[in-house]
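I opened this model to look up a few points and keep notes on them. The entries follow the order in which I checked things.

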Amino acid sequence: MSQIGSFALLLALGLSSYSFLAGLVALLGKDAVSARLGETARRAGIATFAAVLLAGVVLVVAAFNDDFSIAYIFHHSNRDLPAAYKFAVLWSGQEGSLLFWSLLLAGYGFVLRLRYKTDQRLFAYASVIIASVQVFFLLILNFAAHPFGTMQGQLPGDGNGLNPLLQYPEMVIHPPMLYLGYVGFTVPFAFALGALIMKYPGEKWIHITRRWTMVTWGFLTIGVFLGAHWAYAVLGWGGYWGWDPVENASLMPWLTGTAFLHSVMMQEKRGMLKVWNMSLIFATFLLSMLGTFLTRSGVISSVHAFAQSSIGTWFLVFIGLTLAVCSFFLVANRDHLKSEHKLESLVSRESSFLFNNLLLLVVCFTILWGTFFPILSEFVQGHKVTVGPPFFNRVAVPVALLLLLLTAVGPLLAWRKTSVESLKRNFLFPAIGSVAVGGMMILFGVRPWEDPSYFYATMAAILSALVTFTVISEFLRGGRVIAGKSGMNLVSAMLHLYHRNTRRYGGYIVHFGVALVIVGILGQPFNKEVEKEMAFGDKINIDPYTLVCQSYTQDDNPNYGNEWAIINVFRGGKQITTMYPERRFYKASGQPQTLPRIYPSFREDLFLVADLYVVYEGKNETTGRPIIKAHLNPLVPWIWIGLIIMVFGTITALIPNAAAVRATAPAPVRAPAEVGAGD
Amino acid sequence: MGSILSRLRKKSVLRLFLGGAALQRCDNNPLANAASAAEVAPSPRRWLQAAALAFAVFAFLGAGDTDARFKDLGHRMMCTCGCGQVLLECNHVGCQASDKMRGELSAAIDKGGSNNDDLILQGFVQEYGPTVIAAPTATGFNRVAWIMPFLVLALGIALAVYIVRSWKSRPTPALTDGIAIPHGHELDQFRAQARKETDV
């Protein structure tokens with residue numbers, strides 16, 4: 001089995017190397033021989049996918065067959081591991097996850113090479129660049145992190161098992177989503193670099209990659225949020241974002257990717273920010289690679305990191321090389337990237353995009369800076385310091401609030417120039433609405449002047465309301481115009497409006513989703529928690545709930561043994577649910593794991609949007625009593641609802657635009673003026 | 001539909017956004033608990049309760065100072081067990097480090113007024129090393145950690161303003177004698193540009 005896998009990986013390396021070298025040679029020539037060579041390079045790229053797929057399938061089959069002669073399977077699986085998690089073995093260790101990276105890249109390359117007729121020359125450049133990235137990963141897989149290494153000596157009877165933290169349904173989805181995002185940015189990167197190298201005229205490369213970029217961004221968004229939800233549902237500390245270096249690593253390309261999605265519109269519509277867009281997509285790809293490096297090098301301690309290994313050096317060399325190539329072509333071909341238009345007013349959509357990009361990049365820089373500052377500190381001061389949540393919350397949150405302000409303001413500004421009258425007209429309803437929200441918060445007891453976290457929470461609520469009201473007013477305004485022209489009712493008109501410009505209105509829906517996510521985050525200062533040893537019948541009061549310990553029980557299955565607490569939850573004297581927080585002991589790995597239980601309160605009260613979050617922490621060794629910790633986390637469900645709305649907005653933004661509706665009311669026709677006549 | 005509307009009338013719309021958050025801020029406070037216990041009360045009572053709550057928050061401001069200090073300091077330190085979490089958020093099963101540290105923190109706070117927050121943190125640094133503090137201190141080289149993001153923001157704003165100004169001052173194409181009327185392909189290009197810029 002391992003020999004088939006090893007052979008497949010070697011074959012893939014040979015094919016992708018050929019695809020890269022032959023493709024490169026073909027691009028240098030312009031004769032018929034070069035064209036034929038280019039075609040063989042394209043086909044070798046397609047065949048690479050088949051070879052990497054074979055290697056991936058072999059590893060998964062080995063996991064299902066409990067083939068512990070393969071060291072990777074021994075270290076990451078065991079006989080009694082459920083089937084879904086055996087599939088997840090593919091990405092749960094260093095070598096397997098690199099194989100998965102390579103497989104996804106080969107998959108993206110496969111689709112790209114099949115669609116080459118869109119623009120053969122540009123696609124040939126992109127194909128060569130993707131092949132170069134593929135070669136890098138296959139080199140690592142063959143020579144530094146081989147997933148098919150075999151066990152020496154007598155074969156073990158069972159494996160070490162999968163890390164308990166990964167034995168959760170979301171772990172079967174979260175890494176693939178995140179990887180689809182990370183790897184997917186290779187495609188727009190390849191097109192951008194290709195277009196720069198060949199001095200591709202116009203903005204067609206942006207049109208070609210627009211959907212790739214949005215799909216990739218969507219995957220990364222889902223991946224990041226699923227990671228947050230996994231942390232919330234599995235780690236049991238009651239939070240969803242710990243500013244861990246690896247969490248940060250996933251957020252950084254998301255931020256630059258978001259900046260790119262916005263600024264690229266400037267290039268499409270006004271022929272501006274060409275150098276900037278190139279730099280942004282290069283940065284996004286490099287930050288994706290940096291994230292992969294951070295997880296694998298051991299350079300920064302993180303709860304997510306794989307075992308330390310030497311492959312960090314490989315990544316550093318590759319990142320350095322990529323940076324050098326990108327910088328060289330940016331400088332060498334800078335004349336090709338000159339802006340075509342001038343800015344006509346400071347109060348314009350162009351300015352708002354520029355500042356939006358600036359703020360996104362400042363947040364990105366802050367995260368990068370905070371992530372690497374411990375290394376810098378060790379270098380300068382001789383000792384590491386911790387850069388944890390207090391730093392990021394203090395520095396990134398104010399900038400993120402400014403960003404939220406621009407999210408609200410930007411859509412109301414016109415391209416080129418916005419008049420004061422139109423600003424007043426467009427802002428009136430959203431501004432009044434958001435100020436009213438702030439007033440209501442103060443009226444109901446939130447004192448923003450008492451504590452910075454309350455201040456930020458209030459500001460976030462006001463600005464989220466501003467974003468929401470802006471989106472509503474944009475839909476209403478456009479809908480009314482169409483309704484007036486076509487005679488449709490307002491709802492149909494707004495739907496038609498959406499369908500006529502899915503990208504714009506899908507984007508607004510994404511903005512609305514972001515506002516909801518912010519609302520979810522702003523509940524954090526108001527979290528409550530109570531920890532108590534609980535004997536039978538003992539109570540925990542966490543307003544408005546009372547938790548009563550009914551009993552404890554145990555269970556056992558081949559994979560793990562577990563202890564449960566049976567907690568009845570009362571509200572207003574009435575039992576509303578029973579919760580079963582759990583602690584497991586995984587037999588193969590010998591590791592314990594707590595599994596909190598979460599009760600979203602809107603099940604029984606639509607307007608109390610909070611999570612009751614109960615953790616079985618273990619037993620007090622002295623008294624033998626179980627320790628239960630209860631959290632009440634207000635507003636958290638909005639984060640996940642916001643994500644669903646963001647994904648919905650992204651998907652609808654991918655739908656092709658519909659044709660404009662015909663006006664039913666005939667417009668008065670005038671005779672055309674005699675323009676230019678009589679001079 | 002009718003029942004939803006009547007439900008809507010019974011509840012404060014604010015809770016849609018706050019999730020009862022305002023009520024949770026004073027969880028040590030008996031008045032607040034009394035106010036929040038009556039979740040399903042009709043609308044006028046809710047307003048009264050909200051007013052009582054607002055008063056209670058104001059009146060009992062500063063109550064539970066020790067708890068607040070414990071919470072604040074506990075969130076400014078990291079657990080040293082290797083979990084990488086803030087001290088009060090470590091839920092590492094059977095974590096010896098966080099239990100010990102929490103005990104030490106409580107004892108330090110109980111010592112009283114002369115033992116201020118900075119001294120308490122200093123004590124932990126001496127015992128556990130500088131990585132126990134969850135964020136860089138505002139001293140020495142660590143200041144750079146705090147300054148740099150805002151410096152980059154300021155430089156970025158200055159650069160953006162400069163770029164916008166330079167874009168604005170770009171020369172517009174000079175008018176030639178007489179206006180050339182676009183026709184055919186040239187006119188199509190203008191139309192395409194107009195469509196791009198107006199999003200229709």
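What percentage of the 200 residues of chain B count as buried? I find that 24% of the 200 residues do. I note at the outset that this is a predicted model.

**Entry: chain B**

I looked up the secondary structure of chain B and found ten helices and zero strands. Read along the sequence, the pattern is α-α-α-α-α-α-α-α-α-α. I then took the contacts in chain B between residues at least 6 apart in sequence; of these, 44% join residues at least 24 apart.

**Entry: confidence**

I checked the pLDDT of chain B: its mean is 67, and 50% of the residues reach 70 or more. For the complex, I noted the predictor's ipTM of 0.79 and pTM of 0.82.

**Entry: domains of chain A**

I looked up the domain assignment of chain A. Domain 1 covers 1-163 and domain 2 covers 168-340 + 348-399. Domain 3 is given as 419-523 + 639-653, and domain 4 as 527-634. I took the centres of domain 1 and domain 3 of chain A over C-alpha atoms and got a separation of 44 Å.

**Entry: a sheet in chain A**

In which order do the four strands of the open sheet in chain A run? I read the order as β1-β10-β9-β8, with antiparallel pairing. The edge strands of chain A are β1 (528-533) and β8 (597-600), each of which pairs on one side only. With direction ignored, neighbouring strands of this sheet are turned by 15 degrees against each other on average.

I then followed β1(A) to its partner. Six bridges join β1(A) to β10 (residues 626-634) of chain A, and the two run antiparallel. For Lys532(A), I found the bridge partner in β10(A) to be Ile628(A).

**Entry: helix α18 of chain A**

Helix α18 of chain A takes in residues 502-521, which is 20 residues. From its first C-alpha to its last I get 28 Å, close to the 28 Å expected at 1.5 Å a residue. I also checked its burial: α18(A) is mostly covered, with 17 of its 20 residues buried.

**Entry: Ile645(A)**

I placed Ile645(A) in helix α19 (residues 636-653) of chain A. Why does Ile645(A) count as buried? It has 20 C-beta neighbours inside 10 Å, and the cut-off for buried is 20 or more.

Leaving aside neighbours within four places in sequence, I list Ile509(A), Phe512(A), Gly513(A) and Leu516(A) as contacts of Ile645(A). I note the general point that an α-helix has 3.6 residues a turn, so residues three or four places apart point the same way. Ile645(A) and Ile509(A) are 136 residues apart in sequence, but C-alpha to C-alpha I get 6.8 Å.

**Entry: Glu450(A)**

I found Glu450(A) in the loop between α15 (420-443) and α16 (452-486) of chain A. Glu450(A) counts as partly exposed because it has 13 C-beta neighbours inside 10 Å, while exposed would need 12 or fewer. Last, I looked up Glu450(A) against Gly56(A): they are 394 residues apart in sequence and 56 Å apart in space, C-alpha to C-alpha.

Key: Residues are numbered from 1 along each chain as its sequence is written. Chains are lettered from A and ligands numbered from 1 in the order in which they are written. This is a predicted model: local features need pLDDT of at least 70, side-chain atom pairs count only at pLDDT 80 or more; totals for chains, interfaces and linings use all residues. Two strands pair if DSSP finds at least two bridges between them. Axes are lines fitted to C-alpha atoms, for helices over the stretch in contact, and angles run from 0 to 180 degrees between N-to-C directions. Two residues are in contact if their C-beta atoms, placed from the backbone, lie within 7 Å. Domain bounds come from an automatic or database domain assignment. pLDDT is the predictor's confidence in each residue, from 0 to 100. The expected span of a helix is 1.5 Å times one less than its number of residues.
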